[in-house]
Amino acid sequence: MTEKEKLIHLCMNNCGCALNDVFDQCGTLLFYTSWYEERLFTKEKRRGSRNDNEKTVCSQLTSMIDISIFDQYGDVFVSRYISDSLEATTEFANLHLPRSIRDEVKTALVEFAEGTRHPDNLLWSYMQIVYQFRNNMFHGNKGLANLKNFETQFNLINAFMHKLMCEIIRWDYHGLRNHT
């Protein structure tokens, strides 16, 4: 059955009701990522994996907050994306991270797994996973009919983003909006 056929089948058989929780999680992820961008970036200084703006924001955040509060999420990211032999897993490959950042994200996760608990770019690496997961939700291999298969990851990423948002608010941090 094609993706289109799966979606039609899903809608005709139960109007998507079985996926309401997943759709809520998708909406929450969209809200969190939109809030993050709106709060910390400007039109001229946009977030993106291929520019230094997000590295700057994540570096500033890392200097303010205790990054270890995210260790439980790091542990899950490592168990999902890094094998026991410290190689990238199939799930890591399926993230489809841009080639220009793939090695850097993998290295940060490996260093975290090895006990170098908090490499300088760890928060940035987490954010690359969050955004790639979000992008894949719409453009990648997830597909609307398959979203239920990713409910655990949505819950994890949303919990991570919620905790990050709370820290950003607690520190009254406005990212690149504070800088000229």
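How close do the axes of helix 2 and helix 8 come, and at what angle do they cross? I started there, keeping in mind that this is a predicted model.

**Helix 2 and helix 8.** I found that the two axes come within 9 Å and cross at roughly 30 degrees. Angles under 35 degrees count as roughly parallel, so I put helix 2 and helix 8 down as roughly parallel to each other. The crossing of helix 2 past helix 8 is left-handed. I sorted the residues of this contact by class and got 15 nonpolar, six polar and three charged.

**Helix 4 and helix 8.** Next I looked at helix 4 (residues 71-81) against helix 8 (residues 151-170): their axes come within 10 Å and cross at roughly 150 degrees. Helix 4 also passes helix 8 in a left-handed crossing. Which residues meet here? From helix 4 I listed Gln-72, Tyr-73, Val-76, Phe-77 and Arg-80, and from helix 8 Gln-153, Leu-156, Ile-157, Ala-159, Phe-160 and Lys-163. By class that contact holds seven nonpolar, two polar and two charged residues.

**Largest pocket.** Then I went for the pockets, and the largest has a volume of about 220 Å³. What lines it? I noted Glu-37, Glu-38, Phe-41, Thr-42, Lys-43, Arg-46, Arg-47, Tyr-131, Arg-134 and Arg-177. Helix 2 (20-40) and helix 7 (122-139) are the elements giving two or more residues to this lining. I count the lining of the largest pocket as seven charged residues, two nonpolar and one polar.

Definitions and conventions:
Residues numbered from 1 in each chain as written. Predicted model: local features only at pLDDT ≥ 70, side-chain atom pairs only at ≥ 80, totals over all residues. Heavy atoms only, no water. Axes fitted to C-alpha atoms, helices over the stretch in contact; angles between N-to-C directions. Helix = DSSP H or I, 4+ residues; strand = E, 2+ residues; numbered from the N terminus. Left-handed = near helix turned anticlockwise from the far one by under 90°. Contact = heavy atoms within 4.5 Å. Nonpolar A, V, L, I, M, F, W, Y, C, P; charged D, E, K, R; others polar. 1 Å grid on protein atoms, 1.4 Å probe; cavity = no way out; pocket = protein on both sides within 12 Å on 5 of 7 lines; lining within 4 Å. Points joined across faces, edges and corners; volume = space filled by probe spheres on them. Parallel < 35°, antiparallel > 145°, perpendicular 65-115°, else oblique.
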